[in-house]
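Subject: Structure handover

Hello,

Here is the structure I promised to pass on. Please open it beside this email and follow along.

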Amino acid sequence: MPAISPNDGPVAVTGCSGFTGGHMVRELVLHGYAVRACIRDATSWRGEDCVSYLAKLPNVEIVDGCDLFTPGSYDAAFKGCSAIFQVAAVLGNSADGKSQPLGSGDVSQDVYDGGIVGTRNVVDAINASGSVRRLVYTSSMAGVSGARAATVPKGYEWTETDWASDGVDQERWEHPRNAYARSKVDTERFINDAADSSGRWDAITMCPAMICGPILFKAQVGQWIEQIGRLAGGLEPTWPSRYDMYYNIIDVRDLVKAHRLAAESAVDHKTTTGGPRYIMHGSGGRSALRFGTEVADVIRSHFPRFVLGEPATVTSRGEPITIEARTLNDCKKAKSVLGATIRPVEETIRDVVETSIELGIIEPKLA
């Protein structure tokens, strides 16, 4: 399929009230694209906050009522578009029975359906458009490593040829705790098959890990950026747990740039090693950072007067937790094939903290 450019007409971005979606819109308009920004509910507090930010950007048309769980809700938004950036997803911390009004209320089911069912609705809208030539889908490292992470040898380096389902017995794979990884694996394979069947558009998948970076508006706060902010604000982390762990960080700005470069690339992505998928990972040239020490040290170096929070290192039973960084992570393929660039992770962490303060999300505690 030919590369996409701003001259080919508008592009659409789903999930624009989320962290990556909002940054995706910004990246595209900065490079001359007319963007249709799809959101589910412009009247919710998240929707209003998102619209307030997006309305200040040039060449953005906000399309309300785009719901992953509603067939046909993307049809109008995609009509006449040349490319779709499918960023919308249902995450574990947003599937609480309330945040997804059309979901089942079951966390693992809504997480899974938000991927596979939601993307089927997106693909149906692509096929109905008659104009879309490329889909760039935001998958996850969960679809690459997932349930396999604890079983590979120490020092193993993930590549685009790895799938989270490889070698995992069916009963374990079907467990609710693997709903997100299953969603990403099944959705990636579904869109690849759908693209092949159509012949009118192709699909590229991006597989990021812990997406961090500056916050554009308050509704974007969640998951890893929230925990870095809590650490800087003197608070204990809350999600996915209060315990210390390793972070594998990709800067959201580097991630959305790679999305754009993938859409603009004339490379036949299917013929590259691992097919049309790209790992976006590597913590700014480092493989992983321990949250309570290395991430904390970065914050301390930029903000030496802050009293920092501390993740728990001992269980409720008084037993010390054991953690280790077993695997290596890099995005060699994205850098060599797409020309992706990765900024220092110290810059990423600093910008999370600075924007958390600017938006009033955290209030530093001074020593």
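In which helix is the place of D254? D254 sits in helix α8, which covers residues 252-264. Before going on, some ground rules. This is a predicted model, in which local features need pLDDT of at least 70, side-chain atom pairs count only at pLDDT 80 or more, and totals for chains, interfaces and linings use all residues. Residues are numbered from 1 along each chain as its sequence is written, and side-chain values use heavy atoms, with hydrogens and water left out. Helices (H or I, at least four residues) and strands (E, at least two) are DSSP runs, numbered from the N terminus.

**D254 and its surroundings**

D254 is buried, at a relative accessible area of 2%. Buried means under 20% relative accessible area, exposed over 50%, and partly exposed in between (1.4 Å probe, protein chains only). What does the side chain of D254 reach? It reaches the backbone nitrogen of R343, at 3.0 Å. Contact means heavy atoms within 4.5 Å.

**The sheet**

Now look at the strands. There are 7 of them in an open sheet, in the order β3-β2-β1-β4-β5-β7-β11, and the pairing is parallel. Two strands pair if DSSP finds at least two bridges between them. β3 (60-63) and β11 (277-280) are the edge strands, each pairing on one side only. From one strand to the next, the twist averages 20°. Axes here are lines fitted to C-alpha atoms, for helices over the stretch in contact, and angles run from 0 to 180 degrees between N-to-C directions.

Follow β7 (residues 202-208) next. It pairs with β11 in the parallel sense over 4 bridges. T205 stands opposite R277 of β11. β5 and β7 also run parallel, joined by 5 bridges. There, L135 has A203 of β7 as its bridge partner.

Why is β7 largely enclosed by the rest of the structure? Because 7 of its 7 residues are buried. Both faces are covered. D202, I204, M206 and P208 lie on one side, with A203, T205 and C207 on the other. β11 has buried residues pointing both ways too: R277 and I279 one way, Y278 and M280 the other.

**Helices across the sheet**

Helix α6 (residues 179-198) lies across β5 (134-138), β7 and β11, running at about 160° to β7. α8, the helix of D254, lies across β4 (83-86), β5, β7 and β11. α8 runs at about 155° to β5.

T119 is worth a stop. It lies in helix α4 (residues 107-129). T119 counts as buried, at 0% relative accessibility. Its contacts are Q86, G114, Y137, T187, F190 and I191, not counting residues up to four places away in sequence.

**Helix against helix**

Start with α9 (residues 291-302) and α11 (residues 345-358). Their axes come within 9 Å and cross at roughly 70°. That makes α9 roughly perpendicular to α11. Angles under 35 degrees count as roughly parallel, over 145 as roughly antiparallel, 65 to 115 as roughly perpendicular and the rest as oblique. The crossing of α9 and α11 is right-handed (left-handed if the near helix is turned anticlockwise from the far one by less than a right angle, right-handed if clockwise). V295, V298, I299 and H302 of α9 make the contact with E346, I349, R350 and V353 of α11.

α9 has another partner in helix α7 (residues 223-232). They pack at an angle of about 70°, with axes 10 Å apart. α7 and α9 are therefore roughly perpendicular to each other. Q227, I228, L231 and A232 of α7 meet F291, V295, A296 and I299 of α9.

Finally, find F69, in the loop between β3 and α3 (75-78). F69 counts as buried, at 17% relative accessibility.

Best wishes

Definitions and conventions. A polar contact is a pair of N or O atoms within 3.5 Å; within protein, one must be able to donate a hydrogen and the other to accept it, and residues adjacent in sequence count only if both atoms are side-chain atoms.
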